[in-house]
Amino acid sequence: MSACRLAVVISHPIQHFAPLYQEINRSEAVEIKVFFLAENGVTEFRDQQFAEDFKWDIPLLDGYEHQFLEPGKIIEKFTFLTMDSNKLVPALKAFRPDLIWLHGYAQLANLRVVLSSLRHQPIIYSSDSNLADARAWWRATLKRWYIRFFFSHCRYFLSISPSNRAYLAHFGVVKDKIVDTRFPVDIQRLSQDRDKLPAGSKQQLRAQLNIPEDARVLLFAGKLIEHKGPQLLLQAMSKLSQPAVALFVGSGELLPSLEATARQQQLTDRVRFIGFVNQRELAAYYDLADVFVFPSLKEPYGAVAAEVLPFALPMVVADSIGAIGASIIKGKNALLFATGQADRLANTLDGLLSDDTKMRSFSAASAKLAMDHDKSVMARDIIKICSKYT
């Protein structure tokens with residue numbers, strides 16, 4: 001019995017997906033090859049939203065076959081037109097795949113696939129989209145027509161959350177074509193990074209950051225850009241009655257204004273701006289935190305909510321985030337607040353921080369959910385689909 005030849009098309013090496021491809025490649029039932037449109041992340045590059053030059057510190061290309069369609073290419077801004085290569089279809093045909101896995105519809109490269117003779121191959125589709133993205137009526141109409149056309153060429157759809165499933169159903173995908181799975185996060189690696197932390201490192205980092213003994217640590221982890229909502233957490237800190245320090249792990253264009261606001265409102269004793277932290281260093285900050293705060297104004301999914309699960313963190317989360325119902329379970333490991341409302345965020349934080357029983361219960365629930373969100377779950381589901389084509 002020959003292995004199923006799985007071709008994956010994606011914009012560039014992504015830290016969440018590389019471990020997934022490695023996991024799939026361990027199966028004798030699948031011969032996977034990943035086709036990249038660009039090299040972002042492999043060498044040092046500037047992420048415009050992070051406002052940083054950086055290179056991921058985990059291996060992105062080890063453990064699976066891959067091909068850069070245009071070696072050396074860096075995409076400065078990811079748009080429908082820039083995510084493309086006229087070398088894609090010939091490369092796919094040379095590989096002779098049994099299955100093609102496309103990440104998203106909003107790239108010209110993927111449209112090339114569904115307009116070519118390859119459209120007759122079974123296509124797996126995945127994205128983190130949900131219905132929260134409001135558009136003008138004409139754009140919504142055009143988008144609906146295009147997506148339905150695109151989806152008509154796909155045989156399998158990966159759903160990573162209830163909101164993602166609702167999105168697929170809204171655009172006409174029948175439930176028999178939907179495979180419920182999880183967004184791929186390398187929980188195993190994060191757990192290992194946690195276990196490797198030296199004894200006393202948490203207390204040492206706490207002292208290094210000059211965090212008072214009676215203060216709980218609230219963690220924001222992400223790009224410091226408007227739609228991620230760091231400004232809401234900063235506003236909430238001025239209203240919080242419980243002793244706490246907010247840790248902002250990340251960088252971005254809002255950093256100077258956030259620092260200025262913290263000084264103007266005399267909040268410098270209640271906030272710490274850490275800057276960009278690479279993958280291998282995240283465990284120390286996740287371990288230091290007592291509560292994970294996710295205040296995004298718009299978030300199709302939000303993988304960071306799964307990343308913090310093995311660190312047993314209770315969560316306070318904006319009620320429009322896509323991961324709700326997956327890694328974020330209302331009333332089980334998380335409390336929700338009205339998106340964009342700093343007063344509601346402060347009140348919700350105060351309520352959680354003052355309830356030690358709920359803190360312990362939410363912490364245990366997050367830890368219990370962790371392995372259900374490991375990349376091995378999606379790998380298993382992909383391998384199961386591939387097994388039909390061996």
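I call a residue buried under 20% relative accessible area, exposed over 50% and partly exposed in between, with a 1.4 Å probe and protein chains only. The model is predicted, and I took local features only at pLDDT of at least 70 and side-chain atom pairs only at pLDDT 80 or more, while totals for chains, interfaces and linings use all residues. I number residues from 1 along each chain as its sequence is written, and side-chain values use heavy atoms, without hydrogens and water.

Cysteines. I checked C154 and found it buried, with a relative accessible area of 2%. C4 is also buried, at 0%. I counted zero disulfides, a disulfide being a pair of cysteine sulfur atoms within 2.5 Å. For C4, the nearest cysteine sulfur belongs to C386 and lies 3.9 Å away. C154 has its closest cysteine sulfur in C386 too, but at 15 Å, which is too far for a bond.

Sheet. I traced an open sheet of six strands with parallel pairing, in the order β12-β11-β10-β13-β14-β15. Strands (E, at least two residues) and helices (H or I, at least four) are DSSP runs numbered from the N terminus, and two strands pair if DSSP finds at least two bridges between them. At the edges I noted β12 (271-275) and β15 (334-337), each pairing on one side only. Neighbouring strands are turned by 20° against each other on average, direction ignored; axes are lines fitted to C-alpha atoms, for helices over the stretch in contact, and angles run from 0 to 180 degrees between N-to-C directions.

I then followed β11 (residues 244-249), which pairs with β12 over four parallel bridges. V249 stands opposite G275 of β12.
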